[in-house]
Amino acid sequence: MNIPFLSFDFQHTPLREEILAAMAQVYDAQWYVLGQRVQEFEAAYGLFSGTSHCVGVANGLDALHLALRALGIGPGDEVLVPSNTYVATWLAVSHVGATPVPVEPNPCTYNLDPTQLEAAITGRTRAIMPVHLYGHACEMPAIMAVAQRHSLLVVEDNAQAQGATAYGRPTGSFGQANATSFYPGKNLGALGDAGAVTTNDETLAQELRRLRNYGSTQKYYNEVIGYNSRLDELQAAVLLVKLRYLQQWTQQRQQIAAWYQQQLAGISGLQLPQTSAGSTHVYHLFVIRTTQRDALQQHLAAEGIATLIHYPVPPHLQHAYQHLGYQQGSLPVAEELAATCLSLPLWPGMTEEHVSIVAAAIATFFA
Ligand SMILES: *Cc1c(COP(=O)(O)O)cnc(C)c1O
C-alpha cells in the first residue's frame, strides 16, 4: 500500500458541499475583499486563540512581518529567533530591516531553550520570536519571564501549532502580537495562501488593519506607507467552515502520534518526539531522528511510504543569509537536527493500519 506524506481526502471530501456552498455565497454577494466573511472569521479565530483581536492577512510571512512592523521593530534592532525554524521566521525580521539572532533549541524538544536566551541578549535586542515547531508549544511561561526581565517584546510564530496550549493557554495568545499561517498544509489550512495576527492590544490591532490595507483607514487617504496584505474573502469563507472541525482533526493527529509512539518505542537508534511538561502537541508534523536518516528515507520510499525533511538546510546556512557570516559548525544543534530529522506521514484520516505499515517498515530497517 502506498502511503502519501499528506492527503486532504478525509478532510475535504466530506466537506465538499459545505465549503462550495460557503464559496458560492461569496460569489453571489459580489463583495470580494474585506467583507463579512473576513470579519466573521477574525471574530471566530480570535475566540479560538483566546485573544480579543485577530487581523486576517495574506499569508503567514506577512503576518510575522506586519506584527514586527506594528510593534515598531526596525533597522538597528536585533530579534532572537530559533536557529532551527522555517526560514520565514528569519525573513520577517529581515523585512523590517532588523537582524535575526539565532538561539539554539533544546535538542530533545526541538523548541527554543529558555535558558539559552539570556546569553544572546545585547543592548540592541528588542524581541523574542518563539516558534511552536512541528505543533509543539514552547515553554512560554519561562520565555515570557525572560522577556519581562529584559523588557523585550514577544511575537509567537504559531504557523504550525493552531490549537496547542502551554500551561492551559492557547499558543498565539502570549506575545504582544502573534502570527499564524493558513497555508493549505497547516493544521488549519485554506485553499490557497492566508494568515492572521492575534493580539490582545486594541491599538496594535488597529495599526495592523491599517498596515494590511495600504496604510489607510479612510479610502484614498494614506496615513502610513502600508501594504496590500488582506485575508481573501473566499479563503475566509473556507476557513470559517474548516475551523469548526479543527479540534476533531487535532484529536485525530494526536491519536495517530500516539500509535506511532507505541509502535516505534524501543527501536534503538531512533529518537521519537517529546512533549515538554505543561505543553500540548498538535502534531503538525511527526518528526523522528536518526543518524541513518537518508538511508531510512530511501528504504521507506522503496516501500511506497513518503517522508519529508523539515528542514534540510537551517536558515544560517542558506545563501540568502550568507551576509551574516555564519559557517558550517556555527550552530551545531540546528545543523545536527537538519542532518538527522525525518517527518513521517501524518494526516487526519490516517488509520492504525497505515501507522502499522510505516512502523513495520521502520522496524525492518533497524533490524
Ligand atoms: C508555514 C510557516 C510560515 C509561513 O507561512 P506562509 O503562509 O507560508 O507564508 C512561517 N513560519 C513557520 C514556522 C511556518 O511553518
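Mentor: His-310 counts as buried, because its relative accessibility is 13%; buried means under 20% relative accessible area, exposed over 50% and partly exposed in between, with a 1.4 Å probe and protein chains only. The model is predicted, so local features need pLDDT of at least 70 and side-chain atom pairs count only at pLDDT 80 or more, while totals for chains, interfaces and linings use all residues. Residues are numbered from 1 along each chain as its sequence is written, and side-chain values use heavy atoms, with hydrogens and water left out.

Trainee: Where is His-310 found?

Mentor: His-310 sits in the loop between α11 (293-302) and α12 (332-340). Helices are DSSP runs of H or I with at least four residues, strands are runs of E with at least two, and both are numbered from the N terminus.

Trainee: Which residues is His-310 in contact with, leaving aside its neighbours within four places in sequence?

Mentor: They are Phe-5, Tyr-134, Leu-285, Cys-341 and Ser-343, where contact means heavy atoms within 4.5 Å. With Ser-343 there is a polar contact from side chain to side chain, at 2.7 Å. That term denotes a pair of N or O atoms within 3.5 Å; within protein, one must be able to donate a hydrogen and the other to accept it, and residues adjacent in sequence count only if both atoms are side-chain atoms.

Trainee: What kind of peptide bond joins His-310 and Tyr-311?

Mentor: The bond is cis, with omega about 10°. Tyr-311 also lies in the loop between α11 and α12. Tyr-311 is one of the residues touched by Ala-338, which is found in helix α12 and is buried at 7% relative accessibility.

Trainee: Changing topic: in what order do the three strands of the open sheet come?

Mentor: The order is β1-β9-β8, with antiparallel pairing; two strands pair if DSSP finds at least two bridges between them. The edge strands, each pairing on one side only, are β1 (53-57) and β8 (178-181). From one strand to the next, the twist averages 25°.

Trainee: And how many bridges join β1 to β9?

Mentor: There are five, and in β9 the partner of Val-57 is Gly-195. Between β8 and β9 (residues 195-199) there are four bridges, with Ala-179 partnered by Val-197 of β9.

Trainee: Why is β1 largely enclosed by the rest of the structure?

Mentor: Five of the five residues of β1 are buried, so the strand is largely enclosed. His-53, Val-55 and Val-57 point one way, whereas Cys-54 and Gly-56 point the other way.

Trainee: What lies across β1 and β9?

Mentor: Helix α8 (residues 202-212) does, running at about 15° to β1. Axes are lines fitted to C-alpha atoms, for helices over the stretch in contact, and angles run from 0 to 180 degrees between N-to-C directions. The buried residues of α8 include Leu-204, Leu-208 and Leu-211, and their cover includes α3, β1, α4 (60-70), β9 and β10 (216-218).

Trainee: What happens at the start of α8?

Mentor: There, a side-chain oxygen of Asp-201 comes within 3.0 Å of the backbone nitrogen of Thr-203. Just after the helix, Tyr-214 has a positive phi of about 65°.

Trainee: One more topic: at what angle do α10 and α13 cross?

Mentor: Helix α10 (residues 246-264) and helix α13 (residues 352-366) cross at roughly 35°, and their axes come within 10 Å. Among the residues making the contact are Trp-259 and Tyr-260 of α10 and Val-355 and Ile-362 of α13.

Trainee: How do the residues of that contact divide into nonpolar, polar and charged?

Mentor: Eight are nonpolar, two polar and one charged. Here Ala, Val, Leu, Ile, Met, Phe, Trp, Tyr, Cys and Pro count as nonpolar, Asp, Glu, Lys and Arg as charged, and the others, Gly among them, as polar.
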